[in-house]
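The tour moves from strand to strand and then to the ligand.

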Amino acid sequence: MVTEVMNGLSERQKREQEYYNQYAQSFDAKREIDMSPIHGPMKKIERRPWNSYWATYELAIDSFQPGQKLLDFGSGPGENALRFSEIGYDVEGFDISQANVEVANELFEANNRKDKGNFQVSPAEVLPYEDNTFEMIVGVDILHHVDIPKAVVECHRVLKEGGQAIFREPLEVPFLDWIRNTKLVKLFAPTEASFELHITEDERKLNSIDVEILRNTFPKMEMRRFLFLSRFDKFFRDGEDPKPSFLEKIDHLLMTYIPGVKYLGGVVIFILKK
Ligand SMILES: C[S@@+](CC[C@H](N)C(=O)[O-])C[C@H]1O[C@@H](n2cnc3c(N)ncnc32)[C@H](O)[C@@H]1O
């Protein structure tokens with residue numbers, strides 16, 4: 001069945017697969033994964049509710065109960081999956097890129113977690129799991145690479161009744177994106193597909209139609225917004241800098257206390273309940 005599905009990939013799926021098979025070469029399965037976003041909140045040392053990645057992990061931490069199965073939706077090279085297994089989840093993951101799946105499986109092996117994580121090649125649009133399999137599904141930066149209507153139906157199908165799905169995704173903010181796409185701004189911050197910038201030809205931010213598709217499938221939907229002024233971080237902050245971003249903190253304050261500012265947020269966490 002999986003072979004059949006993989007033989008019938010669309011042109012878009014094939015381009016994504018090819019891109020990520022090459023991009024995956026930059027990952028070493030023996031690399032050390034930063035567990036501070038998990039250990040911080042779990043051990044009550046540090047929380048970063050203003051950072052969309054930390055906030056995503058914290059939602060998974062808050063919902064965890066022993067014995068639960070988590071699906072890493074579009075698991076890439078497995079870094080997030082390893083973090084979810086650190087929380088205690090039994091993790092399954094899938095990705096359209098064979099190379100990414102190999103790196104993820106090797107990463108779990110290198111961390112002596114082979115029995116805690118299993119990864120397979122699959123498109124998000126046709127998943128190789130039974131109905132009602134997972135208590136928790138988490139997807140990081142994935143929906144904007146896939147056919148959303150099909151992937152969301154699959155997500156709903158494999159999620160257990162009473163389960164939760166969490167997605168962290170970029171979202172269109174039409175006026176700000178218009179400015180972003182002017183020639184002048186693109187001169188300083190290009191948007192063309194490249195390995196250096198980690199941008200594929202086919203990825204696109206979610207728009208209001210996508211949000212409605214998610215809401216129609218999961219009527220109990222909640223959205224948390226991030227990234228307003230912190231869009232400027234890319235100009236003077238190293239993306240790998242482990243220290244908190246000052247602008248992310250300001251965004252969090254503005255979005256919490258000033259009505260309307262949250263609609264300028266270019267990243268969203270969707271919390272979907274079945
Ligand atoms: C930006 S990466 C995110 C990976 C991972 N979630 C992470 O945060 O590291 C996007 C991922 O989507 C995968 N992908 C693209 N199109 C896909 C599809 N149709 N089905 C499944 N995975 C897909 C790519 O192979 C890539 O691993």
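Select Met 221 together with Leu 272, which stand opposite each other, Leu 272 being in β7. The strands concerned are β6 (residues 220-226) and β7, which run antiparallel and are joined by seven bridges; strands are DSSP runs of E with at least two residues, helices are runs of H or I with at least four, and both are numbered from the N terminus, while two strands count as paired if DSSP finds at least two bridges between them. This is a predicted model, in which local features need pLDDT of at least 70 and side-chain atom pairs count only at pLDDT 80 or more, whereas totals for chains, interfaces and linings use all residues. Residues are numbered from 1 along each chain as its sequence is written, and side-chain values use heavy atoms, with hydrogens and water left out.

Strand β7 (residues 267-273) has six of its seven residues buried, where buried means under 20% relative accessible area, exposed over 50% and partly exposed in between, with a 1.4 Å probe and protein chains only.

Next, select strand β1 (residues 69-73), of whose five residues four are buried, so that β1 is largely enclosed by the rest of the structure. β1 runs parallel to β2 and is joined to it by five bridges, with Leu 70 opposite Val 91 in β2. Strand β4 (residues 134-140) also pairs with β1 in the parallel sense, over three bridges, and Asp 72 stands opposite Val 138 in β4.

Now show the ligand and the 23 residues that surround it, the closest being Gly 74, Asp 95, Asn 100, Ala 124 and Val 140; a residue belongs to this shell if one of its heavy atoms lies within 4 Å of the ligand. Which kinds of residue make up the shell? They divide into nine nonpolar, 10 polar and four charged.

For polar contacts (pairs of N or O atoms within 3.5 Å), pick Asp 95, whose side chain has an N or O atom 2.5 Å from an oxygen atom of the ligand. A polar backbone atom of Ala 124 is 2.8 Å from a nitrogen atom of the ligand, and a backbone N or O atom of Ile 96 lies 3.3 Å from a ligand nitrogen atom.

How values were computed:
A polar contact is a pair of N or O atoms within 3.5 Å; within protein, one must be able to donate a hydrogen and the other to accept it, and residues adjacent in sequence count only if both atoms are side-chain atoms. Ala, Val, Leu, Ile, Met, Phe, Trp, Tyr, Cys and Pro count as nonpolar, Asp, Glu, Lys and Arg as charged, and the others, Gly among them, as polar.
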